[in-house]
Structure formats: structure tokens, C-alpha cells
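User: I am new to this structure and would like to learn how to read it one feature at a time. Could we begin once it is in view?

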Amino acid sequence: MGKVKVAVLGATGLVGQKFIQLLENHPWFDVVAVTASERKVGKKYGEAVSWYHEGGIPEYVRDLVLTRSSPEEIPSDVEYVFSALPRSVAEEVEPLFAKKGFKVISNAGAFRMDDDVPLIIPEINWEHMELINVQREKRGWSGAIVKNSNCTTAILVLSLKPLIDSFGVRRVIVTTMQALSGAGYRGVPSMAIIDNIIPYIEGEEWKVENEGLKILGKLVKDHVEYANIKISATTTRVPTLYGHLESVHVELESAPTSVDEVIDVFESFRGLPQELDLPLAPEKPVIVVESDDRPQPRLDRDVGKGMAVVVGRISLTKNIGGNWVKYVVLGHNLVRGAAGNTILIAETMYKLGVK
């Protein structure tokens, strides 16, 4: 059998390039179409892209001609459409693809919080994929829109899920130190960030405090009941290129007996992608490092090929009352937080035969 044909919308931006990179030599998926903004349409990918990632432009995509982000310009036999479009463009374009029968799996922020749109991290809430049937009935289309979460949220909730399953979680206080690439290539001027930390990212705290509750929630018939957890987030931008580092305080419903028990809970966590042995699934989605000075973005962001999150500095906090555990978690914002998780959604759909 031949490979499944896929397309990448917004293929020349930072996340689009990461899609291109991760899909090189993919055992199941073959990129046959790439799109970009109007000024690049008609050019070969290798001529039009300003490549920002290590390793250079993959040869397989160099001669693909960039088209508009329109369903009429994508081959009808494409199975999955990966979207790295800006939110404003995605709001207009992604429904057009779904109406034409394409399965759009998107990193864009648009539609994430819509009641009938699955917001998926496959290790956590695969059952929410049932919402595509609600979506199709409600919106009258044969395709679907499935969403990947905000990158910071994805890293946080992957670390929270094992704790929820073993101890229950009441409250979360998180402070993030987010890499520059999360804002895009032109997102933060160099004079603003060199020798500096910016203690505000517009809209980011709301995403962390709300998207996570949807992901961790329970599917009830035709909607998701959000998780009964209180999350308070402070998000900052720091001068690292890749890898979001998050300092997390979690109030648990029941107390662990020791830090070792918490470590075991993190290390033993597995999800559906691991059971299915999917191409991009890390062997362990949560990895613990026990050195006092880890995880660090430069040293740990590529663990599990960027698809694992790395937890360290775990301790039980007894001096503030309640059952608190604190730790630091790191994840690659463009891989697990963006293109990688989006591809993992498609891999799960393909393996399980989701139509």
C-alpha cells in the first residue's frame, strides 16, 4: 500500500517548517501539497522559504510548488491537512476545507474552545475525538476540524495527567519561561529580549488556564465537562530559542507517601500512542531527571525527539498547608507543543481507522 497523502497549510513559517521536518521520511504520510501567503504562491518551496531550523531544507520538499490555502488547490485524495496558519487566516480557511471533506488537524488557535471541536493530546483525552461526529452533524460537513492545544498548555497538562490519575488535583499555580520561537520568527524584537525577560505574553495566561481544563475534562454525550481544577498562570518570555520551562505548584487531593512515589507515577505514565507504538510517540511521554539543576532547555528539550516532557526538581511542600507537590517541567514548544503533537493526532486517527 502507498503512503497516505497529506498537505501542510502555512508551510513556510516556524511551525510549518517543523511539520515539514518531522514529516520527512515518515513511514505513513507523504507531503504532496504545501501552501503559503499570496506573495509566495507559484514559487518552489526551496526558493520561497527562509529556513530557520537546523539541518537545512529537506530535499523531498524543495521542488514542491506553493499554492494558496484553498481546498480547490489541494488534491482531493489528500487525507490529512495539517494547519500552521495564523489564527485569523485559520478562522476563514479551515471550515472551507472541512466542508470539502478534508480532515483538518490544526495547530492554529481558532476554534479550540468550540464545544464541538476536539482539543486533543492523544495520551490524555483521545475519547474526545467522538466530538467530530457532533461537529459533522451540527455544521453539516463531511470533513472535520481537530485541534492541537497551545504549546505551553500541552507541556503542563502532560505533567498533570499522571498526578490526576493517581492523587487527584485541586489547584495549579504555574509560572512559565517561554522560548522565543513560541512567538514566531518576527514575534519578539531582538532589542526587546536580549538581556531581558518580558513578564507578559498577550492572551497566553487565559489559554493555559482554560484550554487545559477542556483537555483534562470528561466527555459527556455531545460536549466536554471541564475539569474541576483551578489553574493560575503567569507567562513570561525569555531569551532561549526552543523549549518552554514551567515552574509548577500542584495541590493534590490525596498526599503521596514520598517523592519517590511521585517519580514512579510520572515515569510509569503511558497513553494510547505508546500502546499503539505510533511513529512519533515517545517511549515515555513524561521523563524524570533527578539532578538538581535539570531540566534545562538546551540540554533536555530534544529528549524523546522532542515529544516527551521532562520533569525535575520534584518536592513535597509541607510548609503552606495542604498536599502540595512542586516541580519544573520542560517541553519542546515546536514539537510536542505544536507540529509533533498535531502529527501524533493524525497517526492515532490513521492507526485506529477514524474516518
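User: Which residues of H1 are buried?

Analyst: Buried means under 20% relative accessible area, exposed means over 50%, and partly exposed lies in between, with a 1.4 Å probe and protein chains only. In H1, that group is made up of Leu14, Val15, Gly16, Gln17, Lys18, Phe19, Ile20 and Gln21. Because 8 of the 9 residues of H1 are buried, the helix is largely enclosed by the rest of the structure. Please keep in mind that this is a predicted model, in which local features need pLDDT of at least 70 and side-chain atom pairs count only at pLDDT 80 or more, while totals for chains, interfaces and linings use all residues. Residues are numbered from 1 along each chain as its sequence is written, and side-chain values use heavy atoms, with hydrogens and water left out.

User: Against what do the buried residues of H1 pack?

Analyst: They pack against E1, E2, H2, E4 and H12; these labels stand for DSSP runs numbered from the N terminus, helices being H or I with at least four residues and strands E with at least two.

User: How should I read a nonpolar core, and which residues touch the most other members of the largest one?

Analyst: In soluble globular proteins, nonpolar side chains tend to be buried together. A nonpolar core here is a set of buried Ala, Val, Leu, Ile, Met, Phe, Trp, Tyr and Cys residues joined through side-chain atoms within 4.5 Å. The largest has 47 residues, of which Phe29, Val34, Tyr45 and Phe82 touch the most other members. Among the elements that each supply at least two residues of this core are strand E1 (4–9), strand E2 (29–35) and H12, and the largest share, 8 residues, comes from H12. Apart from this core lies another, of 38 residues, including Ala154, Val265, Phe266 and Tyr327.

User: What does Val34 touch?

Analyst: Contact means heavy atoms within 4.5 Å. Leaving aside residues up to four places away in sequence, Val34 touches Val8, Ala11, Ile20, Tyr45, Val61, Leu64, Val65, Leu66 and Thr67.

User: Where is Trp141 placed, and is it buried or exposed?

Analyst: Trp141 sits in the loop between helix H5 (131–139) and E6, and Trp141 is buried, with a relative accessible area of 7%. Its contacts, not counting residues up to four places away in sequence, are Pro95, Ala98, Lys99, Gln135 and Arg136. Sequence distance and spatial distance can also be read side by side: Trp141 and Leu180 are 39 residues apart in sequence and 37 Å apart in space, C-alpha to C-alpha.

User: How many bridges join E7 to E11, and how many join E7 to E10?

Analyst: Two strands pair if DSSP finds at least two bridges between them. Strand E7 (residues 169–178) is joined by 8 bridges to strand E11 (residues 244–252), and these two run antiparallel, with Arg171 opposite Glu251 in E11. E7 is also joined by 8 bridges to strand E10 (residues 230–237), this time in parallel, and the partner of Val174 in E10 is Ala233.

User: Which strands form a hairpin with 5 residues between them?

Analyst: E13 and E14 do, and Gly321 in the turn has a positive phi of about 80 degrees. E13 pairs with strand E14 (residues 323–331) in the antiparallel sense over 6 bridges, and Gly312 stands opposite Val328 in E14. Strand E13 (residues 309–317) is also joined by 3 bridges to strand E12 (residues 286–288), the two running parallel, and Ile287 faces Val310 in E13.
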